[in-house]
Amino acid sequence: MSDHQEARTDDLMRRLAHFAHGIDLTMAALPIPIALPKGEISLIGDYLPAIIRAYEIVDEQPLPEVQQAAAVTSLLHWITAAELALGYAISGAEHRADAAVLNCLLGEQILADLMEALVDPEGTEPPQD
């Protein structure tokens, strides 16, 4: 693996870890909390299977349809980003790294909107910048 590819892979793993932290907080805030692995874990070996399982059961949450869609979409963005990052680490194909970054950015925004709806379902709090 080249130095550039190694550095880019490290950056992707940091992005995934940051996104994972937001997912942890949001899944814990659901009406029926979904616990995810914590501590010294592997994002791909430990966390990815847990996120896939969360994706499989999140539709059982008593949430409005829009919030259900946001939960599913944010989890799918993380899963896709993780798989693309793994593909990049193996192949070095830049489009995979770029797509992983975009999936993280889009997923984090959807996750932030979902968290805001969970914390303030009536929309009475002023928006946070």
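Student: What makes the pairing of R15 with D11 a salt bridge?

Tutor: The model is predicted, and the distance is computed from its atoms. The closest N and O atoms of R15 and D11 are 3.1 Å apart. The cut-off for a side-chain nitrogen of Arg and a carboxyl oxygen of Asp is 4 Å, so the pair qualifies as a salt bridge.

Student: Where do R15 and D11 lie?

Tutor: Both belong to helix α1, four residues apart, about one turn of the helix.

Student: Why are R15 and D11 called partly exposed?

Tutor: The relative accessible area of R15 is 30%, and that of D11 is 25%.

Student: How many salt bridges does the structure hold?

Tutor: There are four. Among them is the one between R8 and E94, whose closest N and O atoms are 2.3 Å apart. This pair links distant parts of the chain, with R8 in helix α1 and E94 in helix α4, 86 residues apart.

Student: What is the N to O distance in the salt bridge of R8 with D98?

Tutor: The distance is 2.7 Å. Here too distant parts of the chain are linked: R8 is in helix α1 and D98 in helix α4, 90 residues apart.

Student: Why is R8 called buried, and why are E94 and D98 called partly exposed?

Tutor: R8 has a relative accessible area of 17%; buried means under 20%, so R8 is buried. E94 stands at 31% and D98 at 39%. Partly exposed lies between the buried limit of 20% and the exposed limit of 50%, so E94 is partly exposed, and D98 is therefore partly exposed too.

Student: How do you know that the length of α1 is close to the expected span?

Tutor: α1 has 27 residues and reaches 39 Å from its first C-alpha to its last. The expected span is 1.5 Å times one less than the number of residues, and for α1 this gives 39 Å.

Student: Which residues of α1 are buried, and what covers them?

Tutor: Among the buried residues of α1 are Q5, R8, T9, L12, L16, F19 and I23. The cover over the buried residues of α1 includes α2, α3 and α4.

Student: What makes T9 buried?

Tutor: T9 lies in helix α1 and has a relative accessible area of 11%. Leaving aside neighbours within four places in sequence, T9 is in contact with M1, Y88 and A89.

Student: Why does S74 count as buried?

Tutor: S74 is in helix α3, and its relative accessibility is 0%. The limit is under 20%, so S74 is buried. Not counting residues up to four places away in sequence, S74 touches F19, I23, G107, I110 and L111.

Student: Which residues touch the most other members of the largest nonpolar core?

Tutor: Of its 33 residues, they are L16, I23, L36, Y47, I51 and W78. The elements giving two or more residues to this core are α1, α2, α3 and α4, and the largest share, nine residues, comes from α3. As for L36, its contacts beyond four places in sequence are I23, D24, M27, Y47, A50, I51 and A54.

Student: Is P62 buried or exposed, and why?

Tutor: P62 is located in the loop between α2 and α3, with a relative accessibility of 54%. Exposed means over 50%, so P62 is exposed. Beyond four places in sequence, P62 touches P31 and I32. P62 and L30 are 32 residues apart in sequence and 8.8 Å apart in space, C-alpha to C-alpha.

Student: Which residues form a nonpolar patch on the surface?

Tutor: L102, L105 and L106 form the patch, with about 290 Å² of accessible area together. L106 is in helix α4.

Definitions and conventions: Residues are numbered from 1 along each chain as its sequence is written. This is a predicted model: local features need pLDDT of at least 70, side-chain atom pairs count only at pLDDT 80 or more; totals for chains, interfaces and linings use all residues. Side-chain values use heavy atoms; hydrogens and water are left out. A nonpolar core is a set of buried Ala, Val, Leu, Ile, Met, Phe, Trp, Tyr and Cys residues joined through side-chain atoms within 4.5 Å. Buried means under 20% relative accessible area, exposed over 50%, partly exposed in between (1.4 Å probe, protein chains only). Contact means heavy atoms within 4.5 Å. Patches are made of residues with over 30% relative accessible area and no salt bridge: like charges are joined within 9 Å, nonpolar side chains (Val, Leu, Ile, Met, Phe, Trp, Tyr) within 5 Å. Accessible areas come from the Shrake-Rupley method with a 1.4 Å probe; for residues, only the protein chains shown count as cover.
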